[in-house]
Amino acid sequence: MHVQDVLIPKLWRYISENNPDLLATLQQEGITTTYFLEKARIAESLARQLQAQCKPTYFIEEQCLNAMTSDLRPSRFNYLKAILEEEFESDYQRLSNSNLLTYEVINLIEFCQIVFEEFSFSEATEDSLPLRNAIIGNIQMYWDSTK
């Protein structure tokens, strides 16, 4: 399996869907190719190891993609988007209908950065009610500051 040929497109799709804020930053800094090649290098040794164990291709691809995206989970983008949809439904619909949803969620990621850090946002803390409430409060402050 050629890791770069198979996994980079899958990684691109994953980041586009789950971490568009990262993709925008990479493109702005002009390091997109470097980032993706580095991630592919990380997966190459795992792919070789799994191939040596005669694991099926689909399993190798899944494990390599998981390794390449481990530092990108959980998705702050999807977390905020879900809260918007659940708690700020009219704003969510308005942004979705005007194709500004991704742009505004990326802005919210930056606006909520301190809260994510204070609560050590991770797969272990993403279901925390205090975190959710703090994020909801920050989103409300963001809306109030933009009106």
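Which residues have the most contacts inside the largest nonpolar core of this protein chain? I shall answer that at once and then describe the surroundings. Please keep in mind that the model is predicted.

The largest nonpolar core has 22 residues, and those with the most contacts inside it are Tyr79, Leu80, Leu84, Phe116, Ile135, Ile139 and Trp143. Five helices each supply at least two residues of this core: α5 (76-87), α6 (89-97), α7 (101-111), α8 (113-118) and α9 (129-146). The largest share, 6 residues, comes from α9. There is also a second, separate core, with 19 residues, including Leu22, Leu23, Phe36 and Ala43.

The secondary structure comes to 9 helices and 0 strands. The C-alpha atoms fill a box of roughly 55 × 30 × 25 Å along the principal axes. Of the 147 residues, 38% are buried. The accessible surface comes to about 8,600 Å², and carbon and sulfur atoms account for 49% of that surface. As for contacts between residues at least 6 apart in sequence, 68% of them join residues at least 24 apart.

Once its neighbours within four places in sequence are left aside, Trp143 is in contact with Leu84, Phe88, Asp91, Leu95 and Glu104.

The next topic is aromatic rings. A search of the whole structure finds 7 aromatic pairs. One of them joins Trp12 and Phe36; this pair is tilted, with 5.3 Å centre to centre and 35 degrees between the planes. Trp12 lies in helix α1 (residues 3-18) and Phe36 in helix α3 (residues 32-52), so the pair ties together parts that are 24 residues apart in sequence. Are the two partners buried or exposed? Trp12 counts as partly exposed, because its relative accessibility is 36%. Phe36, by contrast, is buried, because its relative accessible area is 4%, under the 20% cut-off.

Lys39 is in helix α3. Is Lys39 buried or exposed? With a relative accessible area of 7%, Lys39 is buried. Not counting residues up to four places away in sequence, Lys39 touches Leu11, Met68 and Asp71. The other lysine is Lys55, whose charged end sits over the ring of Phe59, 5.8 Å from the centre of that ring.

To close, I return to the opening question: Trp143 is among the residues with the most contacts inside the largest nonpolar core, and α9 supplies the largest share of that core. Thank you for your attention.

Key:
Residues numbered from 1 in each chain as written. Predicted model: local features only at pLDDT ≥ 70, side-chain atom pairs only at ≥ 80, totals over all residues. Heavy atoms only, no water. Core = buried A, V, L, I, M, F, W, Y, C linked by side-chain atoms within 4.5 Å. Buried < 20%, exposed > 50% of the residue type's maximum accessible area, 1.4 Å probe, protein only. Helix = DSSP H or I, 4+ residues; strand = E, 2+ residues; numbered from the N terminus. Contact = heavy atoms within 4.5 Å. Phe/Tyr/Trp six-rings, centres within 6.5 Å; stacked < 30°, edge-to-face > 60°. Lys NZ or Arg CZ within 6 Å of the ring centre and 35° of its normal. Areas by Shrake-Rupley, 256 points an atom, 1.4 Å probe, with all protein chains shown as cover.
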